[in-house]
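Visitor: I have a new model open and would like to learn how to read it. Could you walk me through a few features?

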Amino acid sequence: MKKIKLITFLILLCITLSSGHLTRFDIDTLITPPQMNVANQQIQKALASAVGDSFQLVYPKTGDYQNAIISIDLTGDGNNEALCFYTTGQDTKVSFTVLEQTKGEWKAQSMSHSQSAAAIDVVNFFDYDGDNTREIIIGWQYLQGDEKA
């Protein structure tokens, strides 16, 4: 009797594990999109007020900084600035702007730049001239798809 129960259990187990339909197992219900933390939500709101609501964040493809919003101390004052990469509306230019937090509120600084590039390959930071302010080093990708230079 124990053997029959064990064999029956094993057969049911094999059927259940081999087919998601019998258990109504749906992997999409287990996946949730990543949620932006509160600080990045505030930064994104400040970016929207600076550049308009029709922007899309752009992510660097390689390197240590593969985020569209990079929080880093550029000025050496102990407070992080936010470097944001984006495109706006129908414009295909990749742009970036630096936001700084003053009195608890993020505001865009005068440092902003647009480049007629297809994407951002890599971003890095280095105090090139020794003034305790990090320079932003960006590797732009000008070719799209599988094109090679």
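Guide: Let us go from the overall fold to a hairpin and then to a surface patch. Keep in mind that this is a predicted model.

Visitor: What share of the 149 residues is buried?

Guide: Buried residues account for 23% of them. The accessible surface of the protein is about 10,900 Å², and carbon and sulfur atoms contribute 53% of that area. As for contacts with a separation of 6 or more, 44% join residues 24 or more positions apart.

Visitor: How should I read a strand pair, and in which sense do S4 and S5 pair?

Guide: Here is the general idea: side chains in a regular strand alternate between the two faces of the sheet. In this case, S4 (residues 94-102) and S5 (residues 105-115) are antiparallel, with eight bridges between them. Leu99, for example, has Ala108 in S5 as its bridge partner. The two strands form a hairpin with two residues between them, and Lys103 in the turn has a positive phi of about 55 degrees.

Visitor: Which residues form a nonpolar patch on the surface?

Guide: Leu6, Phe9, Leu10 and Leu13 do, with about 370 Å² of accessible area together. Leu10 belongs to helix H1, which spans residues 2-18.

Visitor: Why is Leu10 called partly exposed?

Guide: Partly exposed covers the range between under 20% (buried) and over 50% (exposed). Leu10 has a relative accessible area of 41%, so it is partly exposed.

How values were computed. Residues numbered from 1 in each chain as written. Predicted model: local features only at pLDDT ≥ 70, side-chain atom pairs only at ≥ 80, totals over all residues. Heavy atoms only, no water. Patch = residues over 30% accessible without salt bridge, like charges linked within 9 Å, V, L, I, M, F, W, Y side chains within 5 Å. Areas by Shrake-Rupley, 256 points an atom, 1.4 Å probe, with all protein chains shown as cover. Salt bridge = Lys/Arg side-chain N within 4 Å of Asp/Glu carboxyl O. Helix = DSSP H or I, 4+ residues; strand = E, 2+ residues; numbered from the N terminus. Buried < 20%, exposed > 50% of the residue type's maximum accessible area, 1.4 Å probe, protein only. Contact = heavy atoms within 4.5 Å. Pairing = 2+ DSSP bridges.
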